[in-house]
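Morning, everyone. Please have the structure open while I talk.

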Amino acid sequence: MDLSSLLPIPDLLQAKRLVAFAPHPDDNEVGAGATIARLRRQGCEVIYVIATKGDAGSDDPQMAAGELTRLRQQEQRHALQILGDGPIIFWEYPDTLLRDHEKALQQDVLKVIREYQPDFVMAPDPWLPYEAHPDHRTLGHAVATGVIMAPFARAFAQSVTPVSSPAIAFYGSAWPNTYIDVTETFDLKLAALAAHESQFGPPLGPQLMMYLTLYAEENGQKIGAKRAEPFKVLTPHHLHFNAYTWRC
């Protein structure tokens, strides 16, 4: 069954206002940094939402949680400045424990969608096979749910003015349907990643940069570009009772 004519995939490059949700500082850069930089160059307003404090993101047992949180927020601000700047909302849920706060998280996601009324939101794909990080799965599900609930005034016991549902672009997806040519902005992605010094020192940092570069080149070949970032872009109608969404 070909549903593409009935439910066409929205054009991410036409986004005018994007809310990019990330489980931790650095996730938006890893999954979509070059695309975010391209959208900013085109005049798209980009709002970052960082769900956790990132306070578990260190293998140094002497690093105090509060110190790590402040450092990672500083790195995140620097990284977004490199990509084109914009507002950042830090929610400060505990790192690795988002699933223990699902009710509050869902309320917060819905509030942000209703406040900013984006035409696109972005999040990690919670249906990525073998994704072992619970924060990625939990936030991705919460954002997808927020998309379909945005028009319902009483969803999650809220009673507010409903808004139209945005489209959603999942990064880190096993079944992408959209490839964004990021040849001109990929170096900004690498620079933004380098801003997360606490996370991407050697040997991990250089390995990640090489992997992401090769991955971008592989995806670029699919659209005749030097480098591309892949996304699973969906409408709210793809996110409920649609058995064909995985192959859209």
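**Salt bridges and buried side chains**

Let's start with glutamate 45, which is partly exposed because its relative accessibility is 32%. Here, buried means under 20% relative accessible area, exposed means over 50%, and partly exposed is in between (1.4 Å probe, protein chains only).

A word on the source. This is a predicted model: local features need pLDDT of at least 70, side-chain atom pairs count only at pLDDT 80 or more, and totals for chains, interfaces and linings use all residues. Residues are numbered from 1 along each chain as its sequence is written, and side-chain values use heavy atoms, with hydrogens and water left out.

Which residue does glutamate 45 form a salt bridge with? With arginine 17, and the closest N and O atoms are 2.8 Å apart. A salt bridge here is a side-chain nitrogen of Lys or Arg within 4 Å of a carboxyl oxygen of Asp or Glu. Glutamate 45 sits in strand 2 (residues 45-52) and arginine 17 in strand 1 (residues 17-22), so the pair ties together parts 28 residues apart in sequence. Helices (H or I, at least four residues) and strands (E, at least two) are DSSP runs, numbered from the N terminus. Arginine 17 is partly exposed, at 29% relative accessibility.

The structure holds five salt bridges. One of them joins lysine 189 and glutamate 229, with the closest N and O atoms 2.7 Å apart. This pair links distant parts of the chain: lysine 189 is in helix 5 (residues 186-194), glutamate 229 in strand 7 (residues 228-234), 40 residues apart. Buried or exposed? Both lysine 189 and glutamate 229 are buried.

Next, arginine 227 meets glutamate 217 in a salt bridge, 3.8 Å from N to O. Arginine 227 is buried, at 14% relative accessibility. Glutamate 217 is partly exposed, at 27%. Asp187 joins in: Asp187, Glu217 and Arg227 are linked in a network of salt bridges.

Back to helix 5. Its buried residues are Phe186, Lys189, Ala192 and Leu193. Down the helix axis they fall within an arc of 115°, so they line one face of helix 5. That arc is taken from the directions from the helix axis to the C-beta atoms.

Last, glutamine 73, in helix 2 (residues 65-83). Glutamine 73 is buried, at 11% relative accessibility. Its side chain makes a polar contact of 3.0 Å with that of glutamate 92. A polar contact is a pair of N or O atoms within 3.5 Å; within protein, one must be able to donate a hydrogen and the other to accept it, and residues adjacent in sequence count only if both atoms are side-chain atoms.
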